[in-house]
Amino acid sequence: MNNYLILEKKKVLFFFSIVTFLLMLSNPSESLAWSGKVIDRETGEPIEGAVIVRSWDRETATPAGSVSSFEDVKEVISDKNGKFTTYRKFFFSSIPFLSQVVENKPIIYKPGYKFLILEDKDSIIYLEKVPTKLDVRKSELDKAEGNYEIDRYETMVFKRMLEREDEFIRFREHAKMYGLLKNRRQLGLEERRRMKASQYYLKAKGPDFYKPLIANLKDHDEFTRSRSAQSLKVSSDPEVVKALIDTLNNDESMNVRSSAARSLGEIGDPIAIKPLIKALRNKSEVLQNHVIFALTDIGDAADDDLIPLLNDDDWVVRKNAARFLYHSENDRALDALIKASNDKNPNVLISIAIALGEFRDSRAVETLIIMLKNDDREVRRRAAFGLGMIQDTRAIKPLTGLLEDPEWSVREGAVEALGMMKDRRVVEVLIEAWNNEDSDVRIIAAEVLVDFGSLAVEPLIDLLKHDDSYFRWRAAWALGQIGDPKAIENLTHLLQDDVSEVRFITTEALKYINRKKDVRPNYYDRTD
């Protein structure tokens with residue numbers, strides 16, 4: 001009898017296991033495979049390159065009610081005949097009866113067409129082109145992003161399409177506010193150089209002016225002392241210099257000491273160099289900054305005192321010494337900075353990288369290339385920018401490799417640096433960067449291509465025939481900024497493009513090219 005009961009129990013358990021296994025699978029009433037064809041509703045032609053996205057959620061029963069969570073997503077691309085086949089996966093549940101997987105409504109999308117969220121998995125799917133009115137594009141994008149059932153960060157093709165659509169929407173809104181040809185790099189290096197080159201000169205005042213101000217340096221009110229120190233910058237009298245040095249050394253307020261430092265810098269008396277260097281050891285970053293500015297105003301006379309500080313035991317002193325040497329034109333300073341590039345402190349290396357770039361000397365190239373491999377992302381970014389400023393073609397290959405850096409700031413810095421080069425090979429590298437997953441890298445790469453002027457025109461014209469609409473509208477935009485009339489004929493062909501973004505940008509680009517008097521001067525035209 002016992003053996004019989006045991007056998008019956010085994011049969012029941014086996015039967016229960018089979019049922020449980022079947023229940024653990026996703027809903028068997030749904031089709032595992034789905035095949036179909038995507039067709040242009042207007043022309044009846046098949047659509048190649050449409051992305052078909054299927055996704056699944058898991059619904060789990062809890063005491064508080066059913067809870068839904070993302071489970072999986074699958075995407076396929078329609079072929080040249082518009083056909084596609086997508087297979088459904090099997091899903092298992094660790095909690096039979098309490099958890100099940102359900103499929104969401106599929107999404108079909110192709111750039112230039114409306115987003116389509118299907119109610120049923122039809123075998124024939126018709127897509128409609130997006131009207132020229134671009135406000136419709138934003139509503140379509142919002143519709144796709146608002147479909148919470150799709151976790152778009154788990155997709156590859158669909159995510160990339162949405163990001164590029166969103167990039168165009170943001171670009172269009174920017175263009176409406178600032179004009180199509182507004183370029184955030186327009187000020188660029190030339191503006192910074194002009195700011196750096198500007199000097200402020202004032203005539204010295206006599207004793208009747210400065211003696212009351214010297215007396216005010218001992219006032220109990222901090223604001224009075226600070227304003228008096230600032231006002232004394234217009235006098236180079238030794239008595240004034242002495243009073244300011246005393247204030248720099250002894251005043252209890254960092255703001256007052258900072259004002260004294262800046263005035264000493266503007267006066268430019270070398271006797272202030274040693275007291276200013278002593279103040280570099282102060283832990284106040286505000287005072288350090290003002291001391292650096294003061295030493296910079298005094299100029300190369302401070303080099304001999306600051307170069308040895310690159311070997312100081314205090315990393316803050318080393319960093320500030322390198323910061324001062326940004327502005328040096330002394331070969332001994334360059335050699336000392338290269339030698340100091342083996343420093344282990346990333347803050348010091350950042351200052352060294354910036355200083356080496358400011359020298360614009362090819363002797364620093366190998367050192368900066370080595371710094372591109374540093375573990376600190378800001379060191380790598382600053383080294384990249386330094387290489388860009390030097391513009392030595394040896395840096396093209398290592399900077400190109402930096403476009404795959406895991407840190408977005410480093411990738412963007414590499415693109416900026418490549419944009420400073422004067423080599424035709426960089427044009428192809430920047431165009432290839434339009435494939436980068438980082439949208440900011442793509443945007444910067446497009447902007448710096450404009451800086452190449454006529455060197456970039458022919459490659460950009462070739463891109464007007466690219467299969468990817470993103471490349472077409474970006475190329476049209478860049479050609480519009482460059483303003484070369486050679487592009488007009490090729491741009492005109494794009495006025496009939498299937499994708500509304502391309503038509504919009506092409507129209508605006510042609511307006512600016514034809515309105516030659518309104519096109520901004522291309523200060524960065526690299527035809528030399």
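## Salt bridges

Arg360 counts as partly exposed because its relative accessible area is 31%, where partly exposed covers the range between buried, under 20% relative accessible area, and exposed, over 50% (1.4 Å probe, protein chains only). Glu358, with a relative accessible area of 25%, is likewise partly exposed, and Glu358 and Arg360 form a salt bridge whose closest N and O atoms are 3.6 Å apart; the term denotes a side-chain nitrogen of Lys or Arg within 4 Å of a carboxyl oxygen of Asp or Glu. Salt bridges with shared partners also join Arg41, Lys114 and Glu128 into one network. By this rule the count of salt bridges comes to 30.

Lys114 is partly exposed at a relative accessible area of 28%, and Glu128 is partly exposed at 37%.

The salt bridge between the side chains of Arg474 and Glu167 has an N to O distance of 3.0 Å; Arg474 lies in helix α22 (residues 469–482) and Glu167 in helix α3 (residues 157–178), so this pair ties together parts that are 307 residues apart in sequence. Arg474 is buried, with a relative accessible area of 2%, and Glu167 is buried at 1% relative accessibility.

## Model and confidence

The model is predicted, so local features need a pLDDT of at least 70 and side-chain atom pairs count only at pLDDT 80 or more, whereas totals for chains, interfaces and linings use all residues. Residues are numbered from 1 along each chain as its sequence is written, and side-chain values use heavy atoms, with hydrogens and water left out.

The chain averages a pLDDT of 81, and 81% of the residues score at least 70, pLDDT being the predictor's confidence in each residue, from 0 to 100. Confidence in the chain is lowest in helix α4 (residues 188–197), at a mean of 42, and highest in helix α15 (residues 365–371), at 95. Over residues 181–204 the pLDDT is below 50, and this stretch has 37 contacts in the model beyond near neighbours in sequence, a contact meaning heavy atoms within 4.5 Å.

## Nonpolar cores

The largest nonpolar core has 129 residues, of which Leu295, Trp434 and Leu460 touch the most other members; such a core is a set of buried Ala, Val, Leu, Ile, Met, Phe, Trp, Tyr and Cys residues joined through side-chain atoms within 4.5 Å. Not counting residues up to four places away in sequence, Leu460 touches Trp434, Leu449, Ala475, Ala478, Leu479 and Ile482. Apart from this core lies another, of 12 residues, among them Val38, Ile52, Val76 and Ile125.

## Exposed positions

Pro406 is placed in the loop between α17 (396–401) and α18 (408–419) and counts as exposed because its relative accessibility is 71%. Pro406 and Arg377 are 29 residues apart in sequence and 9.2 Å apart in space, C-alpha to C-alpha.

Ile77, found in strand β3 (residues 65–77), counts as partly exposed at 39% relative accessibility.

Conventions: Helix = DSSP H or I, 4+ residues; strand = E, 2+ residues; numbered from the N terminus.
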